[in-house]
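Good morning. I will take a few minutes on one protein chain, and you can follow along on the screen.

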Amino acid sequence: MGYKIPLFNLNFDEREAQAAYDTIKSGWISTGPKNEQLEQMFIDMWKVSYAVSMTNCTAALHVCCMVCGLGPGDEVLVPSLTFAASVNSIRYAGATPVFCDIIGPDHINIDPKEIEKKITPKTKAIVVVHMAGFPAHMDEIMAIARKHNLKVIEDACHGPLSEYKGKKLGTLGDCAAFSFFSNKNISTGEGGMFITNNEEMAKKARLLRSHGMTTMSYQRASGHATTYDILELGYNYRMDDIRAAIAIEQLKKLPADLDTRIKVRQRYVEQLANMKDVVVPFADNKEFVSNYIMPVVLTKGDTAYRDAIRDKIHAAGIQTSVHYPAVHRFSIYKDYPAVLPQTEYVTDHEITLPMYAALTETQIDFICQTVEQAVKEIS
Ligand SMILES: Cc1ncc(COP(=O)(O)O)c(C=O)c1O
């Protein structure tokens, strides 16, 4: 809409429409059998013990913070180069976010050295964001967490089925959150998933998702329960079955979608890797990843220069974005000051190019030529 080549394209066809229609016709549309099926698919595909669907990833992150026992007085280490929800969820739990820098333009994930530097006696957890679906340095991060007895929450929003040394992202820390927002690899409009290998966390997450109630409407309607108790101050973080039915179709398509995205990225990297004044983050990655987005970082100029280049790309009919405006610079985070030179460099020089499985080779080549031309023309 608006651009010849949008940033993202829904991988939807008749299957999603049919799944939504069938669920509506089934007579059960709130959290029920489709959510159960979706949770089981996550358990099987992620090889994880527990999955609890959520209304969105922000809710799942809030639940992660609560099941990790975070609260007032606790400090939680988190990158600033992320979407605000990674940080806000810490505050919903009453804890204090402490911003950590990223490694640099070629690896835009949290820097383990920063984590070590910012640990205090109040530090209780680390929120790791796997940017663009590329794994953070989890061996180092988990070693630091074990040494200091910290919980690790993975914001794996960008990385469904991405791997780190043979394990799926989201299964390396204590618990993790995924998003099914429209532009994510799995799209349902809104939606999310909490996963963990910890039984206690899973039980608590399930309670918190639905008002702390011991049974759900579907269990009562299907005759498995007649009443309920309320054990926790919970929330309504449930996903409905219409969305879960769409998510099931999306998840079936995901492996093939990701295989195609790998080819899209390869073609991008072939042309961008040696382009003057441009760095491709994670260019040396060897892991299987989701390729949620296609970020590049300019090696010169300032924000105005970056924005002028974006304008040129937009004028050619190509949509771009910035991942992300750094969270610590937002007005509501002015009381959480942080010195984050790498984050500030990347947030001022990053451009996100279109990424989706249906991008054609001709389109990718056109995007790369447009970037090269824009970098040449603007100095
Ligand atoms: C890194 C990250 N974390 C959390 C979220 C929040 O996800 P949701 O929109 O499903 O709440 C997003 C969504 O854009 C994200 O990119």
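This is a predicted model: local features need pLDDT of at least 70, side-chain atom pairs count only at pLDDT 80 or more; totals for chains, interfaces and linings use all residues.

Residues are numbered from 1 along each chain as its sequence is written.

The chain is split into domain 1, residues 14-250, and domain 2, residues 255-377; such bounds come from an automatic or database domain assignment. Over C-alpha atoms, the centres of domain 1 and domain 2 are 26 Å apart.

How many residues does each domain give to the contact? Domain 1 gives 29 and domain 2 gives 31. Here, contact means that C-beta atoms, placed from the backbone, lie within 7 Å.

On the domain 1 side, the elements that give two or more residues are helix H4 (84-92) and strands E3 (96-100), E4 (102-104), E5 (107-110) and E8 (163-164). Helices (H or I, at least four residues) and strands (E, at least two) are DSSP runs, numbered from the N terminus. E4 gives the largest share of that side, 3 residues.

Now the sheet. It is open, has 3 strands in the order E12-E13-E14, and the pairing is antiparallel. Two strands count as paired if DSSP finds at least two bridges between them. E12 (278-279) and E14 (350-353) are the edge strands, each pairing on one side only. E13, residues 294-298, pairs with E14 over 4 bridges. Valine 297 stands opposite glutamate 350 in E14.

Technical notes:
Two residues are in contact if their C-beta atoms, placed from the backbone, lie within 7 Å.
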